[in-house]
Amino acid sequence: MKLYERQVGRAEALVAIAALAAWTPTGRTGGPLHPGDVGWHLRFEDALVRDALRVWSDASGPVAVTLTDGPVLHAGMAPRVTADRALADLLAARFAQVLGDGQAWCALPEGSPVGAALVRDGWSPDPDEPWVLLVCDDLPPSAPAGVRAVAVDEAVAAERVAVQRAAFEGSTFTVQRWQAMRSSVAASLCLEALVLTPGGQPAAAATGWLSAPGRCGLLEPVGTHPEHRGHGYGRAVVRAVCARLRAEGASAVAVRTPSTNTAAVALYRSAGFREVARQRPLRRLST
């Protein structure tokens, strides 16, 4: 059996997005990787994208897409991998090679035989707190009444970026990277909202991502400016983006967050999301 590895940059990323969209279920995401995760990564320069994004194929076509973030590999896989142990074993070996030597993590779809192969090779579930997967399948028809939610475009891009940088310590988001994301091959999947205070200050921002029509969308990322927390702006922006995703054909919307981020979990619950899974990546201590 031959497995072909292809690193893809910004211009070729549609191959990865199309494969992930085809593998996304209707009621939830298909695993740790969604077309929106690739879309969000396309804010980066081509060399960074090409170094992180890979499409894995056999003679019949794509079987996996991986996105690496340092020592962490996130994977989405074709359903047919489940029934092909030889293919799963080969993918596991190649994923481990991509991660190189030393401590590493691999985030896979639940119950994946690739994970079973990694466990046989000495990997084990990460003992740290898991990530929580939450899903909203009762999407609102419109943004909350009385909320000043605006679609993000060039006119408010700087304000949207400012919220992101304030909400996430160490964020490298810039207007230029926002422009790169919104001009990428994933642009048609991207729906963003910015919620303003009554005085017109940017308070919260969220980016939503479509998959294939009638399938589950994704929130990535969501942030509230520290100066405006505790006033419902985060919940409002989540509901506003969910309404836009519904209008464009999403069947549901998913979001993932560390279980230790109790404020984020509470926010998503208040916005109508319910927990459907707790996910632990597999960890390799060393080679």
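A residue counts as buried when its relative accessible area is under 20%. That cut-off comes up several times in this report on a predicted model.

Start with strand β5, residues 104-107. Ala104 and Cys106 point one way from this strand, while Trp105 and Ala107 point the other way. All of them are buried. In a regular strand the side chains alternate between the two faces of the sheet.

β5 pairs with strand β4, residues 72-77, in the parallel sense over three bridges. Across this pairing, His74 stands opposite Ala107 in β5. To get from β4 to β5, the chain passes through helix α4, residues 85-99. This β-α-β crossover is right-handed.

β5 also pairs with strand β14, residues 282-284. Here the sense is antiparallel, again over three bridges. Trp105 stands opposite Arg283 in β14.

**The whole sheet**

Now place these strands in their sheet. It is an open sheet of seven strands, in the order β1-β2-β3-β4-β5-β14-β6. The pairing is mixed. Which strands stand at the edges? They are β1 (4-7) and β6 (124-125). Each has a single partner strand, so one side of each is left without a neighbour in the sheet.

β1 pairs with strand β2, residues 53-58, in the antiparallel sense over four bridges. Gln7 has Arg54 in β2 as its bridge partner.

| Strand pair | Sense | Bridges |
|---|---|---|
| β4 and β5 | parallel | three bridges |
| β5 and β14 | antiparallel | three bridges |
| β1 and β2 | antiparallel | four bridges |

**The second largest pocket**

Rolling a probe the size of a water molecule over the atoms shows where empty space is left. The second largest pocket holds about 260 Å³ of space. It is lined by 17 residues, and the closest to its centre are Gly30, Met77, Ala78, Pro79 and Pro109. Two elements give two or more residues to this lining: α1 (14-23) and β4. By type, the lining residues divide into ten nonpolar, six polar and one charged.

Gly31 lies in the loop between α1 and α2 (35-41). Is Gly31 buried or exposed? Its relative accessibility is 5%, so Gly31 counts as buried. Leaving aside residues up to four places away in sequence, Gly31 touches Pro109 and Arg256. Gly31 and Gln279 are 248 residues apart in sequence, but 9.2 Å apart in space, C-alpha to C-alpha.

His41 lies in helix α2. Its relative accessible area is 14%, so His41 is buried. Not counting residues up to four places away in sequence, His41 touches Leu48, Val49, Ala52 and Leu67.

Thr257 has its place in strand β12, residues 253-258. With a relative accessible area of 5%, Thr257 is buried. Which residues does Thr257 touch, not counting those up to four places away in sequence? They are Trp131, Val132, Leu134, Ala264, Val265 and Tyr268.

**A cis peptide bond**

Most residues other than glycine have a negative phi, and most peptide bonds are trans. The bond that joins Glu220 and Pro221 is cis, with omega about 0°. Pro221 lies in strand β11, residues 217-224.

Technical notes: Residues are numbered from 1 along each chain as its sequence is written. This is a predicted model: local features need pLDDT of at least 70, side-chain atom pairs count only at pLDDT 80 or more; totals for chains, interfaces and linings use all residues. Side-chain values use heavy atoms; hydrogens and water are left out. Buried means under 20% relative accessible area, exposed over 50%, partly exposed in between (1.4 Å probe, protein chains only). Two strands pair if DSSP finds at least two bridges between them. A crossover is right-handed if, with the strands pointing away from the viewer, the path from the first strand over the helix to the second runs clockwise. On a 1 Å grid over the protein atoms alone, a cavity is a set of points where a 1.4 Å probe fits but cannot get out, and a pocket is an open set with protein on both sides within 12 Å along at least five of seven lines; lining residues have an atom within 4 Å of a point. Grid points are joined across faces, edges and corners, and a volume is the space filled by probe spheres set on the points. Ala, Val, Leu, Ile, Met, Phe, Trp, Tyr, Cys and Pro count as nonpolar, Asp, Glu, Lys and Arg as charged, and the others, Gly among them, as polar. Contact means heavy atoms within 4.5 Å.
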